[in-house]
Amino acid sequence: MVGVSTSQTSPIAFLKGHGTENDFVIVPDPDNAHELPAAAVARLCDRRGGIGGDGLLHVVRSAAHPEAKHMADEAEWFMDYRNSDGSVAEMCGNGVRVFARYLQRAGHVDAGDLAVATRGGVKKVHLAKAAPDGSAAGDITVAMGRALLPADGVTVTIGARSWPATNVNMGNPHAVAFVEDLGHAGDLYSVPPFSPASVYPDGVNIEFVVGRGERHVAMRVHERGSGETRSCGTGACAVAVAAARRDGVDPTVTGVPVTYTVDLPGGRLLITEQPDGEIEMTGPAVIVAEGYIDPALLETVHA
């Protein structure tokens, strides 16, 4: 592959998009021709020295990427997702919606059903049709799979306050803490302390949650590798799962689907868990800009 930091001389196309203000740099690269070392991703995601984003969506055909070849028969496109610090992540729920919106904008897919390969497996996506008057794009629903709830939780501490946190895995790890006030989470710039650390040896996304009414919660999140973000799709799913267990409406027990409205700083998501454990996330996705990356931006970045 060609390393963008060392031998790329022509401008590299990019787009910018967001899902409930969880924003991403999008790099279309169907043939996987661009190597994106962590330092290059961090430079692109930097909000002052680069384009700015909570993460980067590297758009690659599954057959062209060594990590996704085995999924190529199920999904043509692979979401090679990176956190804003350049680290690799298994999944990003808001990112999948924005990824699908890009594919639609580029003419690769139409409204309807789509399969997207991720490190967390193949995700089924549905793009609703736009409003009849064209005033708004349709929401996008992602089948997020089933949550795992490992028995070992942690205690999260901010200053003098501590809370037990439910361990929920959505293809990536989450710790969900129900608190009295979202302000108690502090600034969330750094990783909130949790113990025992051994529960999450590779780090964790930590959600702080308050109730807003029946089947309605609000949250803030520290995303592993990105700090506080305006929204986190897998985090919203983890919160809905934890809330359903707390509220005694676990659909895998009751046999009745349950939907939670989850308010995030950047907008609102609807999370539905089915009796078979399948979780669906519905929300908006918007492409806001497109252009070209000046190779000079990456000249000093080395793989």
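How many aromatic pairs does a search of the whole structure find? The search finds three, where rings of Phe, Tyr and Trp (its six-membered ring) pair if their centres lie within 6.5 Å, with planes under 30 degrees apart counted as stacked, over 60 as edge-to-face and the rest as tilted. This is a predicted model, in which local features need pLDDT of at least 70 and side-chain atom pairs count only at pLDDT 80 or more, while totals for chains, interfaces and linings use all residues. Residues are numbered from 1 along each chain as its sequence is written, and side-chain values use heavy atoms, with hydrogens and water left out.

**Aromatic rings**

- Trp 163 and Phe 208 form an edge-to-face pair, because their ring centres are 5.9 Å apart and their planes stand at 80 degrees.
- Trp 163 lies in strand β11 (residues 161-169) and Phe 208 in strand β14 (residues 205-213), so the pair ties together parts that are 45 residues apart in sequence; helices (H or I, at least four residues) and strands (E, at least two) are DSSP runs, numbered from the N terminus.
- Both Trp 163 and Phe 208 are buried, a term that means under 20% relative accessible area, with exposed meaning over 50% and partly exposed in between (1.4 Å probe, protein chains only).
- Phe 194 and Tyr 200 are also edge-to-face, since their ring centres lie 5.7 Å apart with the planes at 80 degrees; Phe 194 counts as buried at 18% relative accessibility, and Tyr 200 is buried at 6%.
- The charged end of Arg 246 sits over the ring of Phe 178, 4.3 Å from its centre, the criterion being NZ of Lys or CZ of Arg within 6 Å of the ring centre and within 35 degrees of the ring normal.

- Leaving aside neighbours within four places in sequence, Ile 271 is in contact (heavy atoms within 4.5 Å) with residues including Ala 236, Cys 237 and Ala 240, each of which is among the buried residues of α3.

- Ser 62, in the loop between β5 (55-61) and β6 (77-83), counts as buried at 0% relative accessibility, and its side chain reaches the backbone oxygen of Ala 75 at 2.8 Å.
- Asn 32, in the loop between β3 (22-28) and β4 (34-35), is buried at 7% relative accessible area, and a polar atom of its side chain lies 3.3 Å from the backbone oxygen of Ala 64.

**Backbone geometry**

- Most residues other than glycine have a negative phi, and most peptide bonds are trans.
- The peptide bond from Ser 195 to Pro 196 is cis, with omega near 0 degrees, and Pro 196 lies in the loop between β13 (194-195) and β14.
- Leu 188, in the loop between β12 (173-178) and β13, has a positive phi near 60 degrees and counts as buried at 2% relative accessibility.
- Glu 21, in the loop between β2 (12-19) and β3, has a positive phi of about 65 degrees and counts as partly exposed at 35% relative accessibility.

How values were computed:
A polar contact is a pair of N or O atoms within 3.5 Å; within protein, one must be able to donate a hydrogen and the other to accept it, and residues adjacent in sequence count only if both atoms are side-chain atoms.
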